[in-house]
Amino acid sequence: MRMPFTVYVLASLSLGLVMGYAGFSLPGYVMHYALVSLIFVAGLAIGREFKELVRQAGRLTYLGVMFAAANIVAGCISGLLISRVLGGSLRVGSVIGAGSGWYTLVGPLVSQVDPVYGVIGFLANMLREEIHILIYPLLSRCCPLEAITIGGATTMDTGLPVVALYGERKHMLVALIQGGIITLIAPIILPLMLGD
Amino acid sequence: MIDLVLALLLGVIVGVKTVDNRLSGAGDRLIGGFLSLNTLLLIGIVGMRAGSILKSGEGSLFVFKASLLFSAASILASFALGLLAARFAGARK
């Protein structure tokens, strides 16, 4: 019952790839309204579990903050490591890693310094989002809470539905807090790291 | 950004107000179905963007290899630190 959704995800991604390659594109507002309706439904799901969530709010907030910090630190370290391997700029590498899946921020930001690494930053973070959506259903069987970290900033919007579908409702709150904190601090710390 | 916050707040309010409704079970199924459809739509759109990047020729082999490396490394590192953070926070014994 659970595996078929991953198949649908792959099919949707493949169809999108083919359509994009063939020159099809959708106006930007389609994605925006899809996100708004997604957040509304996520709020609806949270509202239905509100009493239980309020009871656990302190602990879940603490976890969300810890996960957000883990994401930024892990992203910086891994980015430094990979840029060392590739022989690129360490600053740029750490920014790509610390982007935590926010490809629309990292791509344009890094492109100002290095256009090629800008594309790498965009693709790496976009892949991270896709991989989160693909593997969360599998990892949720053993560690639904810890697997939230893979989504990074995307767990506030596009990465949230899989957490809602395969995790528990309380995990949604952790995902929202993690994504929310990264979304709030990434636009401040990434340009600083880049030396902008 | 403000419309996302408003959508979330509105959703929470509607959810709290309708939780004891006798149609609650149908509501849960509706929410699940909508989340699935919305996820597939968003993935399709992101795929479309990736497809257009591929077509534009910016996607050379080095770019894709480097993207994969950055992505895999950040995922593994985040997951590892996430496991540690959860243990530290007492979420997992």
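**A helix pair and selected residues**

Modeller: In this predicted model, A:Ile189 is partly exposed, as its relative accessible area is 25%. A:Ile189 belongs to helix H9 of chain A, which covers residues 169–194.

I now turn to the helix pair. Two packed helices are described by an angle and a distance, both taken between their axes. For helix H5 (residues 103–111) and helix H6 (residues 115–139), both of chain A, the angle is about 170° and the axes are 7 Å apart. An angle over 145 degrees counts as roughly antiparallel, and H5(A) and H6(A) are therefore roughly antiparallel to each other. On the H5(A) side, the residues in contact are A:Tyr103, A:Val106, A:Gly107, A:Val110 and A:Ser111. Their partners in H6(A) include A:Pro115, A:Tyr117, A:Phe122, A:Met126 and A:Glu129. Sorted by class, this contact between H5(A) and H6(A) comprises 8 nonpolar, 5 polar and 1 charged residues.

The cysteines complete the account. Across all chains, a search of the whole structure finds 0 disulfides. A:Cys142 is accordingly in no disulfide, and the nearest cysteine sulfur, belonging to A:Cys143, is 3.1 Å away; a disulfide requires the sulfur atoms to be within 2.5 Å. A:Cys142 counts as partly exposed, at 46% relative accessibility, whereas A:Cys76 counts as buried, at 18%.

Technical notes
Residues numbered from 1 in each chain as written. Chains lettered and ligands numbered in written order. Predicted model: local features only at pLDDT ≥ 70, side-chain atom pairs only at ≥ 80, totals over all residues. Heavy atoms only, no water. Axes fitted to C-alpha atoms, helices over the stretch in contact; angles between N-to-C directions. Helix = DSSP H or I, 4+ residues; strand = E, 2+ residues; numbered from the N terminus. Parallel < 35°, antiparallel > 145°, perpendicular 65-115°, else oblique. Contact = heavy atoms within 4.5 Å. Nonpolar A, V, L, I, M, F, W, Y, C, P; charged D, E, K, R; others polar. Buried < 20%, exposed > 50% of the residue type's maximum accessible area, 1.4 Å probe, protein only.
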